[in-house]
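Here is a friendly tour of the backbone and the packing in this entry. Please have the sequence and the coordinates open as you read.

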Amino acid sequence: MVRYFNRILQPGLNNIRENMRKRNTYTMILSSAAVIFISFCIVTVSAFAGPFIKIDSIDAQAEFPRIAVTISIHNVNKSFIPGLDESNILVYEDGYRVNYVKVKDLSDSEDLLYLVFSIDSSKSISQEFLKSICKSAQDIVNSTAPKDKIAVYRFNDDVILMNNFSENRLNIIDNINSIERHGTKTLLYNAIYDSLQILGDVNTKRKAVIVFTDGKDEGSSVTDNDVITFARDSVIPVYFISLESSPSIQTLGRIAKLSGGRLIYSKKHDDVVRMYQSILSMIKNRYVIQYQTISRADGARHQLEVRLNYGNIRDRDIQSFMVQHDILFLNIFRDQNTILLLMIVILLVVIIITLTWFFTHGTKRLKDGSAASTGFFKRAGSENQENLVRLEEDERLREDEAITSHDPSFTYSDAWLMQKVGPDTGKKFPLYWDETTLGSDKDNAIAFNDPAASPHHAKIKCIRDAYYLFDMISDGGTYLNGNKLLRPKILYDWDEIRVGKTHFIFRGSKITRETL
């Protein structure tokens, strides 16, 4: 029975197995074809759509250590992509990602556009070609925005500035129409160099040099490498418009690429304005990336990579840059924190020097200042000292109202000074007045010739029959019995007073309350 059923079912099972094998084969073929088709589409789109991002220039000198990178970005339709930010643009320096990046869209900038037209007027080009160049330049001038500023150079044996930056379209066109062929040389590289130089003084990111030429150079004092270096250092792109091919097209393309510009050439005049619109779009519709580098100004080359991440678009561009060796102090002054720290250090040094000078010389100058200021301070000091004396005397009288002959001598019926050492040794100076001044100035009650004494050095004041010695803020100080006088002191008989190098002996006849 089993064998019977096997004979009946076996052909059907074989047919099922064969059908399944064929179906698996078809599935594998279709899957492989789908993979190949998808890969082909991806490769085709990538090949014909990219690149989407291009590094136009890298400025590592102007604000080092801040790096400014100008980039151009477009989509599959070659249209500018606006509104990108730090999440769409990633920056890598020497293989390490830069974390803090600032992205600025230049298409939204209100900065003016500065252009320099440099027109070949040598005899290396035909008259017809020159007319075509001039006509193209005029058409470009007419297509510019009203506030765009244009300067015009012509070059042959010489490089001549036809007009500086101007908004006057009629004047610019008249200057272009006046250009004629002449000369035996073509100073192309000199003209580009001068154009870069005049643009270098313009403080804006939106600027470019547009050169109308066949690419031939004869007699320039600079080379194409000089032009490239200057353009890269100045961060100014150089664009070339040529209406016919020439053996120098390759050199022009090299200058344009390395400066961040572009070479556009066509044999049709009608394409020139379209070319300019393409150039204008590249100049205006760009981004500027700024970041702080950790690289040093060591003269070494560094690799910069910028990646684009926008929707389904993934692209990157890589260029190298170099920071020239810098003078140490210039590099220091570029850092604002270092400048602030240096200013603080300088201020502290100035304060220390001022205080040192004041303590060493200022005190003496204050003492020998104007008579009015000196008198003011002396009067103020004397009044304070007199107040102290009165307070001390009142306190003494309250403690001891009656004075007997057994008390120490401090009051006298009359008193005088006798010069012990000085120009008038042995001379007696009676103290007749309530206040007697001593010093080298002649208006003192006791004046004497002593260079070491101040003009108004000291004074003796009689207060309630007691004589007090005061120092009048003298330079050398007043000494009583060999001790420097720091506050008013009562004078006793035979006290020795030194003023400068002159010595006096205080004498007085004693009196007590009992005899009054």
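Asparagine 481 is partly exposed, at a relative accessible area of 43%; here buried means under 20%, exposed over 50% and partly exposed in between, with a 1.4 Å probe and protein chains only. This is a predicted model, in which local features need pLDDT of at least 70 and side-chain atom pairs count only at pLDDT 80 or more, while totals for chains, interfaces and linings use all residues. Residues are numbered from 1 along each chain as its sequence is written, and side-chain values use heavy atoms, leaving out hydrogens and water.

Asparagine 481 also has a positive phi, and so does valine 235. Most residues other than glycine have a negative phi.

Another backbone feature is the cis peptide bond from phenylalanine 64 to proline 65, with omega near 15°. Proline 65 sits in the loop between β1 (53–59) and β2 (66–73).

Now to the strands around β9. β9 pairs with β6 in the parallel sense over six bridges, and four bridges join β9 to β10, also in parallel; pairing requires at least two DSSP bridges between two strands. Valine 209 of β9 stands opposite valine 116 and opposite valine 238 in β10. β9, α5 and β10 form a right-handed β-α-β unit: with the strands pointing away from the viewer, the path from the first strand over the helix to the second runs clockwise.

Which way do the side chains of β9 point? Lys207, Val209 and Val211 face one way, Ala208, Ile210 and Phe212 the other, and all are buried.

The largest nonpolar core has 29 residues, and Ile192, Leu196, Val238 and Phe240 have the most contacts inside it. Such a core is a set of buried Ala, Val, Leu, Ile, Met, Phe, Trp, Tyr and Cys residues joined through side-chain atoms within 4.5 Å. Elements giving two or more residues include β9 (207–212), α5 and β10, while α4 supplies the largest share, seven residues. Beyond its neighbours within four places in sequence, isoleucine 192 is in contact (heavy atoms within 4.5 Å) with Val211, Val227, Val238 and Phe240. A second, separate core of 28 residues includes Ala60, Ile67, Leu84 and Val103.
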